[in-house]
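Hi everyone, thanks for coming. Let me put today's model on the screen, and then we'll walk through a few of its features together.

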Amino acid sequence: FAKIGIEVKPKLNLPQMHKARDESVGQLTKGIEFLFRKYKADWIKGRGKIVGKGKVEVTAADGAVQTLDAKNIVIASGSRGSAQYSDQPTSLPGVAFEEGKVIDSTGALFLPAVPKKLIVVGAGIIGLELGSVWRRLGAEVTVVEFLDRITPGMDTEVATTFQRTLTKQGMT
């Protein structure tokens, strides 16, 4: 646009962005539900634990527990977006979670405004992804990692390229 004389000044509408995210998650969830119905697969919602060969114990949101027998088990851990099934995230010793100040990745999805500064503790893929989003929206993002590189479980060459990309975005 700039080459042809059109100037565009983007303006962030964070509530609309959150709404669009929620709608996308809803559509994806409905798509998964459709596929389960189409292929006649049972979808048991809850917190699962493999308790033996071909046995899964499932605790529903209401606390009801059932044990299921299956020839095959698919582990689809999903995200912690549904707090009723999730454990508390791992915190740092001596650092308590505090809404709006010390948050986990789920809290980072729901920030009501772009933070001026954001420190991501741990250079795992989820923290880096969320840090990258907030950086592109204007936050000053610093990542702190104990190990000598980001995404330690990832191929070294891929991780190095990924770090270059994040650095070009302005993440420290």
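Helices here are DSSP runs of H or I, at least four residues, and strands are runs of E, at least two, numbered from the N terminus.

A word on ground rules: this is a predicted model, with local features needing pLDDT of at least 70 and side-chain atom pairs 80 or more, while totals for chains, interfaces and linings use all residues. Residues are numbered from 1 along each chain as its sequence is written, and side-chain values use heavy atoms, leaving out hydrogens and water.

Back to helix 4, residues 156–169: its end C-alpha atoms are 20 Å apart, which agrees with the 20 Å that 14 residues should span at 1.5 Å a residue. That expected span is 1.5 Å times one less than the number of residues. At the N-terminal end, D155 is the cap, with a side-chain oxygen 3.1 Å from the backbone nitrogen of E157.

Helix 1, residues 14–38, can be read likewise. N13 caps its N-terminal end, placing a side-chain oxygen 3.0 Å from the backbone nitrogen of Q16. After helix 1 comes K40, whose phi is positive, near 55 degrees.

Among the elements, helix 2 has the lowest mean, 89, and strand 5 (residues 140–144) the highest, 97. Over residues 81–86, though, pLDDT is below 50, and this stretch has 9 contacts beyond near neighbours in sequence, a contact being heavy atoms within 4.5 Å.

Technical notes: Polar contact = N/O pair within 3.5 Å; in protein donor to acceptor, adjacent residues only side chain to side chain. pLDDT = per-residue confidence, 0-100.
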